Amino acid sequence: MRSFPRSCQCHAKQLNRLARGISRLALAPIFGRAPNVCGRPSCVQHSQFPRGFFSSRDQQKDAGAGKGSLILAPTAVFIGGLLIYSLYPGDELRQARLVRRKKDAEDPKDGPQPPTEKTAWSSFASRFEDFSNVTDIEWSTLSDRIVDMILPDWSKALPGQIRKLQRELSMADGSLASEIWQEAHDPFIHPEIQYSAKVRVSDELCNEEKEFLARRKKVTTAALAKYLDLDEKDIHPDDVPTIAMCGSGGGLRALVAGTGSMLATQEDGLFDCVTYTSGVSGSCWLQSLFHSTLTDRRLDRIVDHLKARIGVHIAYPPAAFSSVTTSPTSKLLLSSLVEKLKGDPKAHIGLVDVYGILLAARLLVPKGELGVNERDFKLSNQRQYIKYGQHPMPIYTAVRHEIPDIAADISKASIATQERAREIARQEAWFQWFELTPYEFFCEEFNAGIPTWALGRRFNNGEDVPPEGKDFHLPELRMPIMMGIFGSAFCATLSHYYREVRPLVKSLTGFATVDEMIYGYNEDLEKVHPIDPAQIPNFTYNMEGKLRFTTPTTIYNNEYIQLMDAGMSNNLPIYPLLRPGRDVDMIVAFDASADVKTDNWLSVADGYARQRGVKGWPIGVGWPKGTDSLQKIEQQLDAAQADSAAAVEAKMREAQQSRDTNTPNQSKNKGRVNDPAELSEKAKHDIEHPEDSDLGYCTIWVGSTEERSSEPPPPTRALTDDTAWRLTEPSAGITVVYLPFLANPNVEGVNPAASDYMSTWNFVYTPDEIDKVVALARANYAEGSDRVRRTVRAVYERKRRIREEREGAVRKEGYRRLVRLGIADKLGEGDHFS
């Protein structure tokens with residue numbers, strides 16, 4: 001009895017220590033810190049996920065009485081507390097290290113061993129072994145009674161599963177890691193390891209993509225004839241419009257809604273006419289599923305696959321540990337981790353990599369798991385599905401945040417120079433877009449890229465660096481890590497995080513001053529990422545002077561770059577579709593963003609089009625900005641009529657002068673108009689009631705290839721039935737068809753603005769919820785399907801007329817040449833004297 005209080009104190013101490021560990025959750029102790037790629041110290045070491053990331057209401061409901069609300073909380077408590085011990089060592093961690101040292105002493109090696117160099121793999125292995133030992137020690141101090149009271153039954157197996165995973169990753173003989181590393185040297189399994197790679201510097205498309213375009217044109221010609229009910233023999237290949245389809249980011253919401261939208265286009269016949277698809281975040285996951293053995297390029301099978309796989313949270317421990325500790329999934333999921341750490345001494349594994357492995361365990365593994373296919377785990381393998389042009393080419397996207405480091409220069413410069421340096425930094429902090437196709441990993445800003453099968457290799461001065469000599473190269477970086485990069489929205493800057501909660505802060509009494517203070521540092525918040533993005537080798541390392549002039553000078557000195565979700569820059573992947581050489585005539589954009597109106601991603605593309613000099617982009621597209629007054633909205637719509645950047649700037653200057661003149665009369669309403677809470681409610685209402693919003697289910701714009709500054713300029717507002725003729729004008733440019741994900745009265749039980757499960761951070765969808773989201777996406781497309789078909793027909797007719805006029809001009813010029821040579825129009829050959 002005397003020992004009972006002491007035992008309780010021990011248990012209370014352990015639980016208290018575990019609870020405190022949640023708020024200090026960090027992966028750095030196990031996976032190691034990354035080298036400071038951007039040359040800046042990390043301002044924030046720890047962060048918490050938004051609510052819902054590690055929990056789901058369905059699992060809470062089904063977990064049973066007394067444990068429902070804690071079904072995933074023990075995971076955060078248990079793993080979080082143990083992880084933090086590596087950063088703040090306690091008695092248990094010291095005991096774990098003593099256990100490892102004692103084990104090493106009992107099993108001495110032959111003779112004295114020279115000191116080994118610390119590598120990424122050795123650091124990871126030692127830390128993970130310490131973590132496993134801590135798990136055993138901590139769990140042994142908790143009685144079965146306490147476990148039964150507060151933890152679910154599956155939690156009892158966690159120590160054993162962690163120990164099993166540690167043994168498999170130990171690189172010991174017979175371990176999974178050892179087998180993976182041996183197979184990494186087998187050219188029959190990884191043919192790409194036999195070949196060296198070089199950086200391709202060019203402003204043209206790679207040869208493989210050019211060949212794809214030629215073959216895809218033949219397929220889309222037949223598809224267009226069927227879609228428009230024409231005779232294929234009457235269609236000239238040059239008249240077939242190049243159509244691209246892009247899907248927005250938004251996690252599983254974008255994945256499910258995008259599947260429904262593209263399924264509707266496939267059933268309508270439009271999808272077969274598409275040459276390119278591009279994605280951000282969840283839409284990238286959709287592309288990876290479409291180009292896999294799981295679905296055989298059938299979108300209806302993606303729906304069935306999602307119903308079978310995303311009903312369980314990606315972080316649900318029993319399912320997660322089962323995937324990474326049992327065959328056949330364990331090898332495929334962990335290969336990229338082992339090859340990355342073992343093949344690169346300076347590599348870094350972080351939260352994004354783990355997140356990607358968990359995603360792949362749910363999305364790239366079929367129901368039953370035995371049918372998992374290793375070909376689905378390399379992006380370059382997707383070329384087999386497009387090499388004959390049989391399907392659209394997928395374009396995956398990611399961004400790098402370029403932030404100039406001017407702190408040292410500012411400290412030494414004069415006041416005037418400091419202000420100039422800060423201004424330069426504000427202008428030069430931007431997101432660089434990287435695109436990945438089955439053929440190439442490319443950055444248009446650099447005009448450089450590498451073969452996709454060389455992704456993950458280190459490069460120096462334009463050539464890859466073999467890790468073990470000339471006869472061996474690392475296998476391609478696998479899809480699990482890439483899927484984590486595509487969907488790593490949690491790597492946002494502090495500015496992004498604060499923008500999410502700012503309306504709430506401003507609504508609290510007495511917090512207006514706090515908001516002003518925080519928002520006053522917004523420029524600094526835009527440069528801090530609380531959670532490190534994923535790190536991959538930089539293929540432009542030491543290539544100074546060999547790349548495009550737009551390449552930032554800092555990129556040459558970094559061996560690694562950090563990539564993240566492209567939605568940090570624009571949640572609609574339009575930029576890659578505007579790349580020279582792709583010559584896209586028509587873009588069909590499905591927008592399932594969290595707030596399609598206030599984010600206004602279409603309008604963000606305007607700046608890119610002006611900067612890149614894209615000819616034919618419809619300037620001024622997008623939703624009218626909710627933060628503007630009614631007068632300014634009218635002025636913006638007038639400015640949107642301009643056909644050139646110069647005309648737009650002139651219009652906006654006029655609007656600015658007019659606004660400054662009217663400011664005194666509008667000052668009393670300024671706070672009400674710009675209230676973020678009110679704007680959010682207005683945006684929510686517009687999503688729920690499209691009939692009241694500025695844009696409907698299907699909105700179409702067409703640009704102009706002519707640069708005009710005359711008054712009034714030709715209009716480029718959204719087209720109506722009365723103005724659809726503009727599509728057929730010879731000067732018509734790129735056509736944009738915008739289909740936002742809005743509520744529809746024809747589909748009950750689902751509302752993008754109100755349904756809880758539509759959150760970006762929800763990782764669990766029931767089959768019924770999937771059916772509702774897919775039904776809503778299909779219903780929305782049906783609202784505008786006829787307009788889309790007429791638009792495609794108009795673009796086709798315009799291209800046909802332009803070709804015929806061009807060919808007629810060529811024939812006429814040829815005839816005139818023959819006449820000048822005296823060959824044509826001779827007596828007896830059809831003249832009026834014969």
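Modeller: S322 sits in helix 14, which covers residues 317–325. Keep in mind that this is a predicted model. S322 is partly exposed, with a relative accessible area of 27%. That value falls between the cut-offs of under 20% for buried and over 50% for exposed. Set aside the neighbours within four places in sequence, and S322 is in contact with P317 and T329. P317 opens helix 14. T329 opens helix 15, which runs over 329–343. A361 is another point of reference. In sequence, S322 and A361 are 39 residues apart. In space, their C-alpha atoms are 9.6 Å apart.

Follow the chain on from helix 14. P328 lies in the loop between helix 14 and helix 15. The peptide bond joining S327 and P328 is cis, with omega about 5°.

Helix 15 brings in a charged pair. K340 forms a salt bridge with D353, and the closest N and O atoms are 3.2 Å apart. K340 lies in helix 15 and D353 in helix 16 (residues 351–363), so the pair ties together parts that are 13 residues apart in sequence. Are these two partners buried or exposed? K340 has 10% relative accessibility, so this lysine counts as buried. D353 is buried too, with a relative accessible area of 2%. In general, side chains of opposite charge can pair when their charged atoms come close.

Now step back along the chain to H291. This histidine is in the loop between helix 12 (282–290) and helix 13 (299–309). Its relative accessible area is 4%, so H291 is buried. What does H291 touch, apart from residues up to four places away in sequence? The list is R297, Q382, Y385, I386, H391, P392 and P394.

R579 forms a salt bridge with E435, with the closest N and O atoms 2.8 Å apart. R579 lies in the loop between strand 11 and strand 12, and E435 in strand 5 (residues 430–436), so the pair ties together parts that are 144 residues apart in sequence. Both R579 and E435 are buried.

D583 is in that loop as well, between strand 11 (560–563) and strand 12 (586–591). Its phi is near 50°, a positive value in a residue other than glycine. D583 is exposed, at a relative accessible area of 56%.

N447 also has a positive phi, near 55°, and is likewise not a glycine. It lies in the loop between strand 6 (440–443) and strand 7 (448–451). N447 is buried, at a relative accessible area of 14%. C443 is at the end of strand 6. C443 is buried, with a relative accessible area of 0%. C698 is buried as well, at 10%. A search of the whole structure finds 0 disulfides.

Helix 24 spans residues 601–612 and has 12 residues. From first C-alpha to last it reaches 17 Å, close to the 16 Å expected. Its buried residues include W601, L602, A605, D606, Y608 and A609. G613 follows helix 24, with a positive phi near 70°.

Helix 28 covers 767–820. In it, R793 forms a salt bridge with E797, with the closest N and O atoms 2.9 Å apart. The two are 4 residues apart in helix 28, so about one helical turn separates R793 and E797. R793 is partly exposed, at a relative accessible area of 31%. E797 is buried, at 19%. Elsewhere, salt bridges that share partners join E209, E435, R579 and R582 into one network. The search of the whole structure finds 30 salt bridges.

I823 lies in the segment after helix 28. I823 is partly exposed, with a relative accessible area of 47%. With L818 and L821, I823 makes a nonpolar surface patch of about 260 Å².

Last, the setting. The protein chain has 28 helices and 14 strands. Of its 834 residues, 52% count as buried. Take contacts between residues at least 6 apart in sequence: 79% of them join residues at least 24 apart. The accessible surface comes to about 38,400 Å², and carbon and sulfur atoms hold 52% of that.

Technical notes: Residues are numbered from 1 along each chain as its sequence is written. This is a predicted model: local features need pLDDT of at least 70, side-chain atom pairs count only at pLDDT 80 or more; totals for chains, interfaces and linings use all residues. Side-chain values use heavy atoms; hydrogens and water are left out. Patches are made of residues with over 30% relative accessible area and no salt bridge: like charges are joined within 9 Å, nonpolar side chains (Val, Leu, Ile, Met, Phe, Trp, Tyr) within 5 Å. Accessible areas come from the Shrake-Rupley method with a 1.4 Å probe; for residues, only the protein chains shown count as cover. A salt bridge is a side-chain nitrogen of Lys or Arg within 4 Å of a carboxyl oxygen of Asp or Glu. Buried means under 20% relative accessible area, exposed over 50%, partly exposed in between (1.4 Å probe, protein chains only). A disulfide is a pair of cysteine sulfur atoms within 2.5 Å. Contact means heavy atoms within 4.5 Å. The expected span of a helix is 1.5 Å times one less than its number of residues.
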